[in-house]
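Visitor: I'm new to this one. Can you walk me through it?
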Amino acid sequence: MPKLHRYTTDWSNLCIIMNTLPIRKLSTLAAAATVLALFGTGTAQATAPAAPAAVKEASKAQHSQAAAAVPYGKRAATHNPLYRTGRISVSNCSAGQIRSGSAASYRRFMTKINTCLNNSWARQFRKARLPYAKPRLRFVTGKVSSPCGRWPTGAGGYYCSSNKTMYIGVTRKVVRDAFELGSAQFMAHEYAHHVQTISKIGPNYYFPTHNRSRGSAKLLLSRRFELQADCLASAFLRSVQSSLPVNSMEWRSMNDWTRKNGHKAWPTNDHGKGYSQAYWAQRGFDSGGPGGCNTWAASSGRVA
């Protein structure tokens, strides 16, 4: 989906402006042609210590079972244990509706989606025998700073992996224009960067490799990272398709919009062409699990 990157020079303070989507409710095919965007951001930070609660949860998980070993280097991304966990289990995620102009209903909806994501990914990490720790969720009405730095310009929210917190902006524009499927996808994409972090795809491979790369190689790595987050988010949406629900016409409309427009807003190809974004979103939705989201093993043409 349309996105923008912003990186710092230090890989431990990597900032990624993340996924955006059409945000007005697509109740008809005519409405689907409307080009609107919900801005979301994420940050990934690998050197800061985990938050105390996260450390406690991870330690508990490690002592309760023999944890699977995550390799270092490229294999952390290409052969991650998550890929062998199968489909994300179908679950009930009746998050309700967002009333236009209601900040309270937006917060309630996003909180419920976050709870569903916590439950779904906790099960998936148990299947992979990987330690799991849920992220923190913080709603803000202003552009607060975090251990990952200042709030990125134009962004509606972001994930900071330094303190494993998702910062979600509650602004008049977002509250006025938000619709359920777009908002759920936005939250799921933010959460996908948390999944990449705690599964060690980021710390063991992407962050350090991206930092030392240059030019086209750096852009290619960025595309693999972001397109995987699109795919993981869509795999989650498939698991709650019936209960959220995911309206098939709205899904097709969003993906069609992305295919045609996903790349137009960004000056460099660090998030993928529109057709690549649409391909990985659909692949995640069709596969329903992390195994379909291995962008690191895909050909360069599939992450163009």
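Predicted model: local features only at pLDDT ≥ 70, side-chain atom pairs only at ≥ 80, totals over all residues.

Visitor: OK, how many disulfides?
Guide: The count comes to three disulfides. With the bonded cysteines numbered in sequence order, the pairing is 1-2, 3-4, 5-6.

Visitor: Where are Cys-93 and Cys-116, the pair that a disulfide joins?
Guide: Cys-93 is in the loop between α2 and α3, while Cys-116 is in helix α3, 23 residues apart. Their sulfur atoms are 2.2 Å apart.

Visitor: And is Cys-93 buried or exposed?
Guide: Cys-93 is buried, because its relative accessible area is 1%, under the 20% limit. Cys-116 is buried too, at 11%.

Visitor: What about the link of Cys-231 and Cys-293, left-handed or right-handed?
Guide: That link is left-handed, with -75 degrees about the S-S bond. Cys-231 lies in helix α7 and Cys-293 in the segment after α9, so the pair ties together parts 62 residues apart in sequence. The disulfide of Cys-148 and Cys-160 is right-handed, because its torsion is about 85 degrees.

Visitor: Switching to rings. How many aromatic pairs?
Guide: The search of the whole structure finds 11 aromatic pairs. Among them is Trp-251 with Phe-285: the centres are 4.5 Å apart and the planes at 25 degrees, so this pair is stacked. Trp-251 is in helix α8 and Phe-285 in helix α9, and both residues are buried.

Visitor: Which residue lies over the face of Phe-285?
Guide: Arg-238 does, at 5.4 Å from the ring centre. Elsewhere, the charged end of Arg-302 sits over the ring of Tyr-279, 4.1 Å from its centre.

Visitor: Which residues form one aromatic cluster?
Guide: Tyr-205, Tyr-206, Phe-207, Phe-225 and Trp-296.

Definitions and conventions
Residues numbered from 1 in each chain as written. Heavy atoms only, no water. Phe/Tyr/Trp six-rings, centres within 6.5 Å; stacked < 30°, edge-to-face > 60°. Helix = DSSP H or I, 4+ residues; strand = E, 2+ residues; numbered from the N terminus. Buried < 20%, exposed > 50% of the residue type's maximum accessible area, 1.4 Å probe, protein only. Lys NZ or Arg CZ within 6 Å of the ring centre and 35° of its normal. Disulfide = S-S within 2.5 Å.
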